[in-house]
Amino acid sequence: MSQTSSISLTNSKSAANIDIDDVTHFLLELDALKRVNRRSYVTNTTRHENSAEHSWHLAMACWSIAEQFELDVSHEKLLKMALVHDLGEIDAGDTFLFASSRSEAHIEEREGIARLQAERGNGIAKLSAVWEEQETGDSKESQLLRVVDRLLPFLLNLNTEGKTWVDAKVTRSQVAAALAFIKDSFPPIHDWLSKNIDYATQQGWLIDA
C-alpha cells in the first residue's frame with residue numbers, strides 16, 4: 001500500500017512573522033462583497049445576484065471564452081483581474097450601469113481598493129495594481145474582461161424576461177450605446193448582442209427609444 005506524502009505549506013523564513021488572526025481578518029473583509037447586491041436577477045429565482053457571485057461568474061466566463069476562442073491572453077492575469085474587478089464595491093456599493101452617477105463610481109471604488117490594500121492580513125501585494133489595470137488598462141485581458149462584464153448582465157436580463165430593464169425603464173438605445181465598444185473588441189459577441197437587443201425590444205423588455 002502506498003503512503004501519502006506530506007508537504008509542508010509553511011515557509012519557515014516568514015511564517016513566524018504572520019499572525020493568522022490578521023489573515024482571517026482580511027478574509028472576512030473580502031466576505032463583505034457577498035452583501036453587495038446588484039440589479040441583475042439570478043435566473044430561475046426572484047432574487048438579485050450579489051457582487052461576489054458576479055465576480056465568480058465573470059472569472060469563469062472569461063476563462064471559458066478565452067479557451068473557446070483560443071485567445072492569446074494570460075489566463076492568470078485575466079482571472080486575477082476578474083476576481084478583483086468588483087472589490088471596490090465593498091465600500092462603494094454597486095452602481096447600476098444606466099445610473100446618472102455611473103461616471104463617478106470609480107472614485108469611491110478606488111478608495112475602497114486602497115483601503116483593502118492597506119488592510120491588515122492582506123497577502124496580495126499587487127491588489128491595487130491589478131484592480132487599476134482592469135479599470136483603466138488597455139491590455140488584451142482588460143479588454144476581454146470589459147466585454148464579458150457587459151455580456152453577463154445582458155444574458156441574465158435576456159433569461160429573466162428583461163426584469164431589470166423593465167424595472168428601471170431602460171431603453172433600447174441605452175443598451176446599444178453601452179455595448180457599442182464591443183463591435184471593435186469582439187465582433188462575434190457584438191453581433192449576437194445586437195440580434196438579441198432586437199429580440200428584447202420585440203418582447204417589450206426594452207423601451208423602443
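Predicted model: local features only at pLDDT ≥ 70, side-chain atom pairs only at ≥ 80, totals over all residues.

User: Where does α2 run, and what end-to-end distance goes with it?
Analyst: Helix α2 covers residues 51-68, which is 18 residues. At 1.5 Å a residue the span should be 26 Å, and the end C-alpha atoms are 25 Å apart, so the two values agree.

User: What caps the N-terminal end of α2?
Analyst: Asparagine 50 does: one of its side-chain oxygens lies 3.0 Å from the backbone nitrogen of alanine 52.

User: And what follows α2?
Analyst: Glutamate 70 follows the helix, with a positive phi near 50°.

User: Which residues of α2 are buried?
Analyst: They are Ser51, His54, Ser55, Leu58, Ala59, Ala61, Cys62, Ile65 and Ala66. As for spacing, residues three or four places apart in an α-helix point the same way, because there are 3.6 residues a turn.

User: What do the buried residues of α2 pack against?
Analyst: They pack against strands β1 (37-41) and β2 (48-50), and against helices α3 (75-84), α4 (89-92), α7 (140-158) and α11 (187-202).

User: Take serine 55. Why does it count as buried?
Analyst: Its relative accessible area is 4%, and the cut-off for buried is under 20%.

User: What is serine 55 in contact with, neighbours within four places aside?
Analyst: Serine 55 is in contact with Leu33, Ala82, Leu83 and Asp86.

User: Changing topic: how many aromatic pairs does the structure hold?
Analyst: There are 5 aromatic pairs. One of them joins phenylalanine 69 and phenylalanine 186, edge-to-face, at 4.9 Å centre to centre and with 80° between the planes.

User: Which parts does that pair tie together?
Analyst: Phenylalanine 69 is in the loop between α2 and α3, whereas phenylalanine 186 is in the loop between α10 (182-185) and α11, so the pair ties together parts 117 residues apart in sequence.

User: Is phenylalanine 186 buried or exposed?
Analyst: Phenylalanine 186 counts as buried, at 8% relative accessibility. Phenylalanine 69 is partly exposed, at 39% relative accessible area.

User: What about tyrosine 199 and tryptophan 205?
Analyst: Those two also form an edge-to-face pair, 5.7 Å centre to centre with 85° between the planes. Tyrosine 199 is partly exposed at 37%, while tryptophan 205 is buried at 13%.

User: Which residues do ring pairs link into a cluster?
Analyst: Phe154, Trp165 and Trp192 are linked in that way.

User: And where does the charged end of arginine 39 sit?
Analyst: It sits over the ring of phenylalanine 96, 4.3 Å from the ring centre.

How values were computed. Residues numbered from 1 in each chain as written. Heavy atoms only, no water. Helix = DSSP H or I, 4+ residues; strand = E, 2+ residues; numbered from the N terminus. Expected span 1.5 Å × (residues − 1). Buried < 20%, exposed > 50% of the residue type's maximum accessible area, 1.4 Å probe, protein only. Contact = heavy atoms within 4.5 Å. Polar contact = N/O pair within 3.5 Å; in protein donor to acceptor, adjacent residues only side chain to side chain. Phe/Tyr/Trp six-rings, centres within 6.5 Å; stacked < 30°, edge-to-face > 60°. Lys NZ or Arg CZ within 6 Å of the ring centre and 35° of its normal.
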